[in-house]
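Here is a short report on helix packing and a chain contact. The sequence and the model come first, and the notes follow.

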Amino acid sequence: MATALDDLFVKVRSENRAALIAYIPAGFPSIEGCKKVIKAFVDGGVDAIEIGFPYSDPVMDGPTIQAAADQSLSQGTGAGEVFDALKTASGLGVAAVVMTYWNPIEKYGVEKFAQAIVDNGGSGVITPDLTIEESGTWKAAVAKTGINPIYVVAPSTTEARLPMVTSQCGGFVYAASLMGVTGTRTSVSSGAPDLVARIRTTTGLPVSVGLGVSTREQAKGVAGYADGVIVGSAFIKAIQDAPDEESGLTAVRELASELAKGVREGR
Amino acid sequence: MTTVEDLAGHFGPYGGRFVPEALIGALEELDAARIKAQTDPTFIAELAELHRTYTGRPSIITDAKRFAEHAGGARIILKREDLNHTGSHKINNVLGQALLTKRMGKKRIIAETGAGQHGVAAATAAALMGLECDVYMGEEDTKRQSLNVARMKLLGAEVIPVTSGSKTLKDAINEAMRDWVTNVETTHYLLGTVAGPHPFPSMVRDFHKIIGEESREQVLALTGRLPDAVLACVGGGSNAIGIFHRFISDPSVRLIGLEAAGDGIETGRHAASISGGSPGVLHGNRTYVLQDENGQTIESHSISAGLDYPGVGPEHAYLHDIGRAEYRGITDAQAMHAFALLSKTEGIIPAIETAHALAGAIQVGNELGPDSIILINLSGRGDKDVQTAAHYFGIPL
C-alpha cells in the first residue's frame with residue numbers, strides 16, 4: 001500500500017515541482033513547542049516533516065542540530081515524545097517520517113518501532129547510520145509493516161554500491177549533498193546534481209537532497225534537479241536566534257513559506 | 001581458533017559497521033590496506049624494525065615476588081608494556097596505523113583521546129613519520145590532563161577541545177568522526193582502541209596481539225608452562241585483547257578482564273560496560289553499552305580516565321557471551337589500593353588503568369592459590385597519574 005509519502009511525490013511530480021521537507025527534533029525547543037513548530041511548518045507550506053529522534057551521540061550532525069538535540073534530551077524526550085510529534089504532523093495532513101540513529105530503534109524493539117510508525121500515521125524512517133550490511137532485521141520489519149525505509153547515500157558512494165543501497169530504499173532516496181555533517185552553508189555543494197544524476201541511473205524512486213540548504217534561492221536551485229528539498233538546521237537556527245517563542249514560530253512560518261516558493265521556482 | 005570474526009567484522013552478534021554512508025569508502029579502503037599489509041613482507045619488516053629500534057620491543061616480563069605475597073602467594077608475572085616508548089601499549093597500534101596511513105597516501109591523521117595517552121602516542125607517531133596530527137579531546141579532559149596537552153603540543157600536534165555533549169572521551173570520538181566524514185579523502189582516523197566500525201576492532205587487535213605472542217613465549221621459557229590466568233584492565237579493551245588473543249586457543253588459560261566499577265556497579269557511577277551495561281550500538285559497532293531505556297548513552301565514571309568509556313570492544317562482548325573470557329568490576333578504591341601496593345612492593349608505579357588489573361590479580365591469586373601462575377598486562381606507567389594519586393592519598397603537592 002502506498003504511504004502518504006509515496007502519494008506526495010506522485011502529487012508533486014504532477015505539479016512539476018519539488019517537495020519541501022522540513023526537519024525538527026522531537027522535544028525542541030520544548031515538548032509542546034515542537035508541536036507548535038510542526039503547525040508553523042504546515043501553515044508555511046511544508047509538504048513533509050521529518051521528526052528527529054534526539055540522540056546522545058549524533059555523529060552525522062553539526063553543532064546546530066547537536067545543540068537542539070541536547071536541549072530536547074535535557075527535557076526528557078524519549079520514544080513517546082517522538083511518536084507524539086509524528087502523530088501531530090500526520091494529523092495535520094502532511095507526510096511524516098522519523099529520522100533516527102539506529103540504537104534507539106534497537107533499544108525500543110525493531111519491529112515494535114516500525115509498527116509504532118504506522119500506528120502514529122507515519123510513512124517511514126530515515127536511518128543515517130544504518131548500513132545496508134546491518135539492515136537485516138530492519139528489512140524484515142519494514143516488509144511486515146509497509147513503511148518506507150529511507151537510506152542516505154553520499155558523494156563517496158561507489159558506482160558498485162549505489163544500486164545496492166537505492167534498491168533497498170522506499171519513499172525516496174536521501175542524497176547527502178556533500179561530504180560532511182548537517183548545517184547551513186553559503187552554497188549547496190556543486191557535487192549534488194551529479195550525485196542525483198548517478199542515483200537516477202539506479203532507481204526510479206524520487207530523490208531528495210539534504211545538507212546545507214537554507215534559503216529560497218538554494219531551494220530553487222536544488223528543485224531544478226531533485227524531487228525533494230530537505231531543510232533542517234536553518235529552521236533550528238531561526239528558533240534559536242528568536243528572542244521568544246512567538247517570534248520563533250513566526251520566523252519558522254516565514255522561512256517555510258519562502259522555501260515553499262523556492263521549490264516551485266526550480267523548473 | 002585465533003580469529004573469530006567474519007569478513008564484515010562480526011564477532012557473533014557484535015561488531016559490524018553502523019556509520020554514515022560517507023565513511024564506507026574510507027573503511028573499505030582501510031580494510032583492503034590492512035589486509036594487504038598483513039601479508040606484505042616489506043610492511044611486516046618495517047613495523048618489526050620500528051618496534052625493535054623505537055618502541056623498545058620485545059618488552060620484558062617481571063616476576064613480581066613481593067607483590068605476589070599479597071595475592072595468595074600465586075606467581076605474578078608482569079608483562080611490561082609500561083616500558084615501551086611513550087609509556088604504554090598504545091604505541092603498538094599507532095605505529096602500525098601511521099604506517100598504513102602513509103601507504104594509503106594520506107598526509108593527515110586525527111585521533112581522539114581521554115587521558116591523553118593515545119593522543120600522545122598518535123602525536124609521537126605523526127612526528128616520527130611527518131604527518132599532520134589533530135587530536136580531539138573533551139574540554140573537561142584538557143583541563144584535567146593539562147600536562148598531556150602540553151606533551152602533544154610539544155610533539156607538533158594540534159589539540160582541539162571538544163565542547164559538545166558531556167565534553168569527555170565519547171564526545172571526542174563523535175567529533176573525530178565528524179571531522180573524518182568531512183575530510184576523509186586526505187585524512188586517516190587513527191582510532192585508539194578495539195572499538196569503532198569494522199575494520200578497527202580487528203586491525204587494532206592485530207597491532208596489539210604481539211603482547212600476547214611475546215609474553216606466551218616468555219612465560220613458557222621462564223616457568224616451563226602456560227599461565228593459569230591472564231589478566232588485563234578493560235576500557236575499550238585494546239591492551240586486554242592484545243594479551244588475550246594468543247591465549248584464546250589455550251583452553252587451560254583463563255582470560256579475565258577487569259572493568260572500572262567506579263564507585264561500585266550498584267551505584268550506577270561506573271564504566272563497566274559488560275558487567276553493568278546491555279547490548280546496543282555505539283560509535284559504529286554493536287557491543288555492550290551503558291545506555292538508558294531510550295538507547296541514549298549514559299555517562300561513565302571512573303577515577304581512571306583511560307577506562308572512562310561507556311562502551312567496550314565487540315570482541316570482548318563476544319568472548320564474554322561465549323564464556324571464553326570473564327569480566328569483573330574493580331572499584332576506584334580497590335584499584336588505588338593495588339596502585340599503592342605495586343609501587344611500594346615492586347618499585348613500579350603503574351597507570352591507574354593498569355591498577356585495575358593488579359587489583360584483579362589480588363583477588364584471583366587468592367582464589368587460585370600458591371601453585372598458580374598469573375600473567376598480567378602491565379599496560380602503562382603511572383607518571384601521568386601522579387597528580388591524581390597524590391590527591392587521592394592526600395600527599396601535598
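Glu106(A) sits in helix 5 of chain A. Helices (H or I, at least four residues) and strands (E, at least two) are DSSP runs, numbered from the N terminus. Glu106(A) is buried, because 20 other C-beta atoms lie within 10 Å. The scale is this: buried means 20 or more other C-beta atoms within 10 Å of a residue's own, exposed means 12 or fewer, and partly exposed lies in between, with C-beta atoms placed from the backbone.

This is a predicted model: local features need pLDDT of at least 70, side-chain atom pairs count only at pLDDT 80 or more, and totals for chains, interfaces and linings use all residues. Residues are numbered from 1 along each chain as its sequence is written, while chains are lettered from A and ligands numbered from 1 in the order in which they are written.

## Across to chain B

Which residues does Glu106(A) touch, not counting those up to four places away in sequence? They are Gly280(B), Val281(B) and Gly295(B). Contact here means C-beta atoms, placed from the backbone, within 7 Å.

The contact between the chains takes 32 residues from chain A and 27 residues from chain B. On the chain A side, helix 3 (63-74), helix 5 and strand 6 (152-153) each give two or more residues. Helix 5 of chain A gives the most, with 5 residues. By class, the chain A side has 16 nonpolar, 9 polar and 7 charged residues. Ala, Val, Leu, Ile, Met, Phe, Trp, Tyr, Cys and Pro count as nonpolar, Asp, Glu, Lys and Arg as charged, and the others, Gly among them, as polar.

Helix 6 (residues 110-119) of chain A buries Phe113(A), Ala114(A), Ala116(A) and Ile117(A). These four cover an arc of only 155 degrees around the axis, so they lie on the same side of helix 6 of chain A. The arc is that of the directions from the helix axis to the C-beta atoms. The buried residues of helix 6 pack against helix 4 (79-91), strand 3 (95-99), helix 5 (102-108), strand 4 (124-126) and helix 7 (136-145) of chain A. Gly121(A) follows helix 6 of chain A, with a positive phi near 80 degrees.

In helix 7 of chain A, Trp138(A), Ala141(A) and Val142(A) are buried. Their arc is only 100 degrees, which puts them on the same side of helix 7 of chain A. Gly136(A), Ala143(A) and Lys144(A) are exposed on the other side. The buried residues of helix 7 pack against helix 6 and strand 5 (148-150) of chain A. Just after helix 7 of chain A, Gly146(A) has a positive phi of about 80 degrees.

## Helix 12 and its partners

Helix 11 (residues 233-241) and helix 12 (residues 245-262) of chain A pack at an angle of about 150 degrees, with their axes 8 Å apart. Helix 11 and helix 12 of chain A are therefore roughly antiparallel. Ala234(A), Phe235(A), Ala238(A) and Ile239(A) in helix 11 meet Gly248(A), Ala251(A), Val252(A) and Leu255(A) in helix 12. This contact has 7 nonpolar, 1 polar and no charged residues.

Arg216(A), Glu217(A), Ala219(A), Lys220(A) and Ala223(A) in helix 10 of chain A meet Glu258(A), Leu259(A), Lys261(A) and Gly262(A) in helix 12 of chain A. The residues of this contact divide into 3 nonpolar, 1 polar and 5 charged.

Key: Two residues are in contact if their C-beta atoms, placed from the backbone, lie within 7 Å. Axes are lines fitted to C-alpha atoms, for helices over the stretch in contact, and angles run from 0 to 180 degrees between N-to-C directions. Angles under 35 degrees count as roughly parallel, over 145 as roughly antiparallel, 65 to 115 as roughly perpendicular and the rest as oblique.
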